[in-house]
Amino acid sequence: MSNATWHKTVCNLCYVNCAIEVAVEDGRLTKVRGDKSSPKSQGYLCNKAARIPYYAHHKDRLTSPLRRRADGGFDAISWNTAITEIAERMRAIHAVHGGGSFALYGGGGQGNHAGGAYATALMRALGSRNTFNALAQEKTGDFWVNGHMFGSQICHTAEDVHHCDLLFVIGCNPWVAHGFPNARDHLNHIRKDPHRKLIVVDPRRTETAQQADLHLAVRPGADAFLLGAILATLIERDAVDRVFLAEHAVGFEEVQAALARIPIERWAEAADVPMADVARCVDMITAAKAMTVRVELGIQQGVNSTLNSYLEKLLIMLTGSFGRKGTNQLHSWLVPLWSNSRGQAFAPTGDEVIAGLLPPNSFPRAVLSDHPDRLRAVLVDSSNPANTVADTHEAERALAALDLLVVVDVAMTETARLAHYVLPASSQFEKTEFTLFNFEFPTNFFHVRAAALPPLPGTLPEPEIYTRLARALGVLPGDNVLAPLRAAAQQSRTAFAKVFADFMADNRAVAPLAPFVLYHTLGDTLPDGVAAAAPLWPAAQMSARRMPEAVRRAIGAGPQVSDAALGDALFDTVVGARNGAAFTTHGYDEVWSLIEYPDRKVRLAVPPLLDWLGRLDPSQLQSDGRYGFALAAGQRRMYNANQIFRDPAWRRSDPDGALLVNPGDLATLGAADGDWVAVQSAHGRIVVRSEADESMRRGQLALPHGYGQAYPTADGDRLTNGPRVNLLTSSDHRDPIAGTPYHKNVPVRLELATPQEAADAEAASRRIHGE
């Protein structure tokens with residue numbers, strides 16, 4: 001008979017973070033099923049989630065702190081030795097160069113967010129606000145646009161896919177990549193309902209495009225031209241919602257004038273989309289009662305990415321597809337995942353700080369420049385910039401040049417192998433965790449999850465790691481100083497609130513370390529050992545003050561719950577629900593309260609972007625004759641999941657991360673399906689297995705993300721599994737505003753692999769997969 005126990009948690013493979021239940025037998029995850037009690041995902045489970053045990057249990061897990069030797073090898077050391085030595089080196093660097101020489105590179109591993117409050121707090125205590133992470137590799141152009149249109153970069157759009165009668169998908173493939181709850185269920189509902197329609201804009205005929213009523217197979221890199229042609233056609237037909245715009249927006253006249261100047265037919269030709277399809281697209285938009293626009297990295301990491309995000313927002317606004325059931329919305333936050341930082345600049349590189357984040361494309365320059373404020377010490381938490389930053393060789397050179405590199409991770413990543421110290425973290429299922437990807441409207445959810453497994457011996461959760469560092473640095477008070485707060489927390493929330501406020505007022509130097517104070521005091525009172533969630537307490541108080549009615553609806557707080565007690569009631573609800581809990585429920589008419597401009601109106605005209613639109617010219621799409629293919633570097637597939645999966649055995653398909661290529665292009669090359677071929681860019685060359693794919697356009701190629709990791713083979717060697725795509729990319733091939741890379745449009749050429757290259761690649765593939 002099985003001795004399995006079932007624990008409620010979430011899937012950590014995409015940012016939807018569906019609720020699941022995992023079976024634990026003898027300290028190991030053995031089975032995964034959807035959690036039917038979840039108020040958000042209601043038992044939904046995709047093909048990837050069942051393979052989560054391969055994340056939790058594999059041969060590359062770290063079980064001891066490591067210190068790099070001069071010869072590049074590593075010695076296992078004690079936690080006390082590691083913390084003491086790291087603190088000594090941090091103090092020495094800080095004494096000479098100040099807090100501005102420190103940076104945090106963190107936030108990887110979908111849903112691995114609880115430790116972020118502690119890493120960030122430690123950096124703030126040192127005087128650093130320098131943060132790089134994956135969001136700034138992907139989304140900051142969108143955040144920049146939102147800041148101008150809605151009044152704050154924290155404002156972020158959501159999609160009411162469940163109720164729309166037209167879903168307009170641009171640059172994403174939700175059948176594979178999801179991106180909204182229960183994605184496949186809702187796509188099936190749309191496909192089966194004759195009154196609901198689907199439009200997909202994507203160069204490739206993706207799994208989602210195959211279900212579409214209209215697929216616009218845009219030329220790679222020409223999204224701005226297609227969106228501009230669609231918007232200009234709406235203007236030409238006077239098919240905009242003027243009543244909506246008059247009530248809820250300003251600046252339409254400037255936008256109208258800019259769009260009216262677009263030569264529609266020329267731009268449609270540049271996008272390689274027939275005018276008949278542009279017209280049909282506009283017909284479907286104007287016929288829809290409720291359109292929702294869903295976008296992703298296809299345009300956010302494509303050429304003209306920030307402009308693409310602006311045009312996408314204009315499509316929403318000009319058609320009045322906002323603030324109604326079945327349209328786009330803004331959503332609430334319990335804790336914002338990013339901040340609002342308009343007008344700030346990072347001195348060593350000159351980049352604009354967007355949403356409190358710095359672009360990873362600039363990370364090497366921030367280290368290798370001769371600027372007096374260049375970075376000298378970096379803490380990398382749950383991220384792998386050696387694989388994920390553009391131009392791998394330059395990223396590795398920067399990491400190796402640091403005076404101090406400390407990596408906190410569950411595995412020996414490519415970045416960890418360059419570190420001075422590697423600190424082994426507990427996995428996401430061995431500690432308290434939550435996700436800050438809470439993007440739903442009208443009801444938004446938050447899911448605090450308790451540990452499902454005991455921590456792997458030798459590992460620590462991040463709050464404990466950073467507590468030890470903070471105390472070794474002498475910036476965090478000891479337990480004796482925190483004892484009165486701990487006693488108050490045991491007494492009541494009211495008593496704790498007063499003592500905590502007094503303590504922070506009397507100890508202003510400790511203010512940046514508030515998450516640590518809460519963790520070691522209030523955290524002791526939380527159920528199921530979820531002390532790491534204690535920093536959510538002030539967030540719950542703030543949410544209750546800002547959105548009292550939405551919070552009351554979500555948690556069912558009746559009149560017996562006073563306004564003063566509402567924040568505590570919300571906090572207790574969130575930290576006590578193992579299957580997730582709603583924290584706000586808004587009415588559709590309340591979306592306007594989430595706009596940050598005082599008049600609650602959308603600013604349509606963003607002058608720098610209208611100027612950019614006016615400078616677009618189809619001649620810009622002409623390819624370099626040396627590199628005639630457009631590579632989508634970082635495609636989502638059935639079995640890839642960023643950098644958190646290292647064990648290649650988890651993949652049921654595509655073990656080598658094959659290059660998708662149109663059969664005609666493969667035949668022209670003189671290669672057959674499955675042959676090893678070479679992809680060459682101006683920056684590098686990699687050898688990959690080919691896969692003939694009829695869904696690909698001629699001249700378009702695709703490689704997946706999440707490969708390129710060195711993993712132990714059966715004979716103890718370490719071999720790289722699949723393509724390291726950033727050997728091909730350039731840090732200069734980027735958006736001019738946000739610095740996000742144009743990873744979906746990397747200019748490359750395709751060549752036959754040499755016989756030796758093919759033989760080496762085949763041998764490595766067989767060894768890594770145990771053949």
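Thr432 is buried, with a relative accessible area of 10%. Here, buried means under 20% relative accessible area, exposed means over 50%, and partly exposed lies in between (1.4 Å probe, protein chains only). This is a predicted model, in which local features need pLDDT of at least 70 and side-chain atom pairs count only at pLDDT 80 or more, while totals for chains, interfaces and linings use all residues. Residues are numbered from 1 along each chain as its sequence is written, and side-chain values use heavy atoms, with hydrogens and water left out.

Where does Thr432 sit? Thr432 belongs to the loop between strand S19 (421–424) and S20. Helices (H or I, at least four residues) and strands (E, at least two) are DSSP runs, numbered from the N terminus. Leaving aside residues up to four places away in sequence, Thr432 touches several others, among them Ala114, Val448, Arg449 and Gly529; contact means heavy atoms within 4.5 Å.

## Gln428, in the loop between S19 and S20

Gln428 also has its place in the loop between S19 and S20. Is Gln428 buried or exposed? Gln428 is buried, with a relative accessible area of 2%.

The side chain of Gln428 makes a polar contact with the side chain of Arg449, at 2.8 Å. A polar contact is a pair of N or O atoms within 3.5 Å; within protein, one must be able to donate a hydrogen and the other to accept it, and residues adjacent in sequence count only if both atoms are side-chain atoms. Arg449 is also one of the residues that Thr432 touches. Val243, by contrast, is 49 Å from Gln428 in space, C-alpha to C-alpha, and 185 residues apart from it in sequence.

Most residues other than glycine have a negative phi, and most peptide bonds are trans. Now look at some exceptions in this model. Ser382 is not a glycine, yet it has a positive phi of about 55°. You can find Ser382 in the loop between strand S17 (377–381) and helix H16 (385–388), where it is buried at 15% relative accessible area.

Asn642, another non-glycine residue, also has a positive phi of about 55°. Asn642 is in the loop between strand S25 (629–635) and strand S26 (659–661), and it counts as partly exposed, with 27% relative accessibility.

Finally, the peptide bond from Phe441 to Pro442 is cis, with omega near 10°. Pro442 lies in the loop between strand S20 (433–434) and strand S21 (443–446).
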